[in-house]
Amino acid sequence: MKTHLGRRPFSAMELHTLYNGYIYSDTRLAREQAKHWHFWLPLIAYYSGAYSDEIGCLTLDDLILKNNILCFSFHTHGKIKPRLVPVHHALISAGFNDYLAYVKAQNHSRLMFDLPAKTGRYSEKVRIWFSGEGERAGYLQKCAIPSVDQLGMKTAISSLRLNFEQQIRIYALQAGNKDCFNYLMGFNDYPHDNFNDIALLNKVLQQIRVINSYIHWQRFLARDSH
């Protein structure tokens, strides 16, 4: 697995904790400034393997129907190849189509329209919210997950890509197609620009484990304050 900067994937228990945290519960935190991207970005990261900058750049035009399969078109990361990643059914179950309709109705083009860029990158704002900065606790800390474990290995929003990589590697090999793995990860090991068998990509991707089947955007909107 291509770890970087001493990062590790989240454990199964940590994933359970993250996706049952206050963002995905029925209660807002006191003084919480809830944003739509707080709900959607960690979900899309887990189910697509995309980096936060890639997700922050997504527009409505980057949702493409290919052979009747809805896909994200990621094409904004300099070190990773452009790729089509099917939309996992868990995102649809979480109200993704309702959210897309809302984004269109508000005349926005970017999916994460309420995620501002800081120093020209979306990932910086995501990093501060997710991992904290200085005295400011991030979502990780509020979920009682340490950002550095006893071995000095870090967890961050990009750890979700490592969780994606772990699972996709297994399911692609079970399907007898390593090219599928390399393409979905955006690795240069896949030498072509396109992957013609979208049905295979979808079959492999839909096997990613659903973390919390009760997550829904409308539930996020309806949360009560303390």
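This is a predicted model: local features need pLDDT of at least 70, side-chain atom pairs count only at pLDDT 80 or more; totals for chains, interfaces and linings use all residues.
The structure contains eight salt bridges. In one of them, D53 is paired with R121, with 3.1 Å between the closest N and O atoms; D53 belongs to helix 3 (residues 52–57) while R121 lies in the loop between helix 5 and helix 6, so that the pair links parts of the chain 68 residues apart. D53 counts as buried at 16% relative accessibility, whereas R121, at 46%, is partly exposed.

Another salt bridge joins the side chains of E54 and R83, at 2.8 Å from N to O. Because E54 lies in helix 3 and R83 in strand 3 (residues 83–86), this pair ties together parts that are 29 residues apart in sequence. E54 is buried, with a relative accessible area of 2%, and R83 is buried at 2% as well.

R127 and E124 meet in a salt bridge of 2.6 Å, N to O, and both lie in helix 6, three residues or about one turn apart.

## Aromatic pairs

There are 24 aromatic pairs in the model. One of them, between Y183 and F195, is tilted, with 5.5 Å from centre to centre and 35 degrees between the planes.

Note on methods. Residues are numbered from 1 along each chain as its sequence is written. Side-chain values use heavy atoms; hydrogens and water are left out. Rings of Phe, Tyr and Trp (its six-membered ring) pair if their centres lie within 6.5 Å; planes under 30 degrees apart count as stacked, over 60 as edge-to-face and the rest as tilted. A salt bridge is a side-chain nitrogen of Lys or Arg within 4 Å of a carboxyl oxygen of Asp or Glu. Helices (H or I, at least four residues) and strands (E, at least two) are DSSP runs, numbered from the N terminus. Buried means under 20% relative accessible area, exposed over 50%, partly exposed in between (1.4 Å probe, protein chains only).
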